[in-house]
Structures are given as structure tokens and as C-alpha cells.
Amino acid sequence: MVEFRIDRRSGVATYVQIVQQTKHALRLGLLEPGDKLPTAREVVEATAINPNTVLKAYRELEREGLVEARRGLGTFVRKSLGSTPADSPLRGELVEWAARARAAGLEKDDVAALFTSVLDEQFSEQFKGDHA
């Protein structure tokens, strides 16, 4: 079962963090079709957020067709995203890279910015190459 971690200092709305973390779990295969999401009550107990926030996130996931609410039973995953397993060798390389970045004195936001810029660069080049 996925455990949500809320970063109140991130500037990202709490419900969006739940949606993003659920999508990450779907991409990594940590959640699969048929899996049950934690109940709103369980999320509230673990994170001390408003139950309506959890329900808003779950409604957004349902609107996107990723989960479905089953009355009296809970919210269940309908489909997965991506195909990158959590134990991918690439993950290990990223862990090593992040450790080197941290050892070099970079803060989390610095690493995120650097990584995002490289992703944007790599994927925009791929897109240009595919449609040249």
C-alpha cells in the first residue's frame, strides 16, 4: 500500500501531492490494477490533513481514469502508468548520482532543478528528432 508524504513547505497543493505520489507509484509498479488505495481516514491519520483534501485527490485520479471508487469497499486502481519497475538498474544509478550531488553540497531543490533541466533538454531533443 502506498504511504503519502506531505511536504507543507513545497508550495504544491496537498491534494496535488497525493495525485503526484499516486502517479509515481503507478509508474514504478508499486501500485497495480486491483490494488486498494488507503482510505481517506487512513491518510488523515498518517498525514494530519483534511479528509476533503484526500477525497479531492481521489476524485481527480478517478476523473483521469486511474482509480475507481467502489461504494462501501474503497478506492481501487484501474490502470497502471509507464513500465519502469522500482528495482530498475537505472534507479540504482540515480541513487548514486543523487548521493554524489548531495556530497558536492547541492541542496534538494538544486538537484531537482538540475535533473529537470537535463530531462527537459533530453526529451525536447528526442521530440525534435522524432518530428524533424
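Biologist: Buried means under 20% relative accessible area, exposed over 50%, and partly exposed in between, with a 1.4 Å probe and protein chains only. On that scale, is Ala-48 buried or exposed?

Modeller: Ala-48 is exposed, because its relative accessibility is 63%. Please note that this is a predicted model, in which local features need pLDDT of at least 70 and side-chain atom pairs count only at pLDDT 80 or more, while totals for chains, interfaces and linings use all residues. Residues are numbered from 1 along each chain as its sequence is written, and side-chain values use heavy atoms, with hydrogens and water left out.

Biologist: Where does Ala-48 sit, and what is its phi?

Modeller: Ala-48 is in the loop between H2 and helix H3 (51–63). Helices are DSSP runs of H or I with at least four residues, strands are runs of E with at least two, and both are numbered from the N terminus. The phi of Ala-48 is positive, about 60°, although Ala-48 is not a glycine. Most residues other than glycine have a negative phi.

Biologist: And Thr-47: buried or exposed?

Modeller: Thr-47 is buried, because its relative accessibility is 10%. Thr-47 belongs to helix H2, residues 40–47.

Biologist: Which residues does Thr-47 touch?

Modeller: Leaving aside residues up to four places away in sequence, Thr-47 touches Phe-4, Ile-6 and Arg-8. A contact here means heavy atoms within 4.5 Å.

Biologist: Let us step back to the whole chain. How many helices and strands are there?

Modeller: The protein chain has 5 helices and 2 strands. Read from the N terminus, the order of elements is α-α-α-β-β-α-α.

Biologist: What are the dimensions, and what share of the residues is buried?

Modeller: The C-alpha trace spans about 50 × 35 × 25 Å along its principal axes. Of the 132 residues in the protein chain, 23% are buried. As for contacts between residues at least 6 apart in sequence, 55% join residues at least 24 apart.

Biologist: Turning to salt bridges, how many does the structure hold?

Modeller: A search of the whole structure finds 3 salt bridges. The criterion is a side-chain nitrogen of Lys or Arg within 4 Å of a carboxyl oxygen of Asp or Glu.

Biologist: What is the partner of Glu-64?

Modeller: Glu-64 pairs with Lys-23, with the closest N and O atoms 2.7 Å apart. Glu-64 lies in the loop between H3 and strand S1 (67–70) and Lys-23 in helix H1 (residues 14–27), so the pair ties together parts that are 41 residues apart in sequence. Glu-64 is partly exposed, at a relative accessible area of 29%, and Lys-23 is partly exposed as well, at 23%.

Biologist: What about Arg-63?

Modeller: The side chain of Arg-63 meets that of Glu-60 in a salt bridge with an N to O distance of 2.7 Å. Because they are 3 residues apart in helix H3, about one helical turn separates them. Arg-63 is exposed, with a relative accessible area of 62%.

Biologist: And which residue pairs with Glu-68?

Modeller: Glu-68 forms a salt bridge with Arg-70, the closest N and O atoms being 3.2 Å apart. Glu-68 is partly exposed at 29% relative accessibility, and Arg-70 is partly exposed at 32%.

Biologist: Now the surface. Which residues form the nonpolar patch?

Modeller: Leu-94, Phe-115, Leu-119 and Phe-123 make a nonpolar surface patch of about 350 Å². Patches consist of residues with over 30% relative accessible area and no salt bridge; like charges are joined within 9 Å, and nonpolar side chains (Val, Leu, Ile, Met, Phe, Trp, Tyr) within 5 Å. Areas come from the Shrake-Rupley method with a 1.4 Å probe, and for residues only the protein chains shown count as cover.

Biologist: Which element gives the most to that patch?

Modeller: H5 gives the most, with 3 residues. Phe-123 lies in helix H5 and counts as exposed, because its relative accessibility is 51%.

Biologist: Which residues make up the negative patch?

Modeller: Asp-7, Glu-107, Asp-109 and Asp-110 gather there on the surface. Asp and Glu count as negative and Lys and Arg as positive, while His and the chain ends are not counted. Asp-109 lies in helix H5, residues 108–130, and is exposed, because its relative accessibility is 63%.

Terms used: Charge placed at Lys NZ, Arg CZ, Asp CG, Glu CD.
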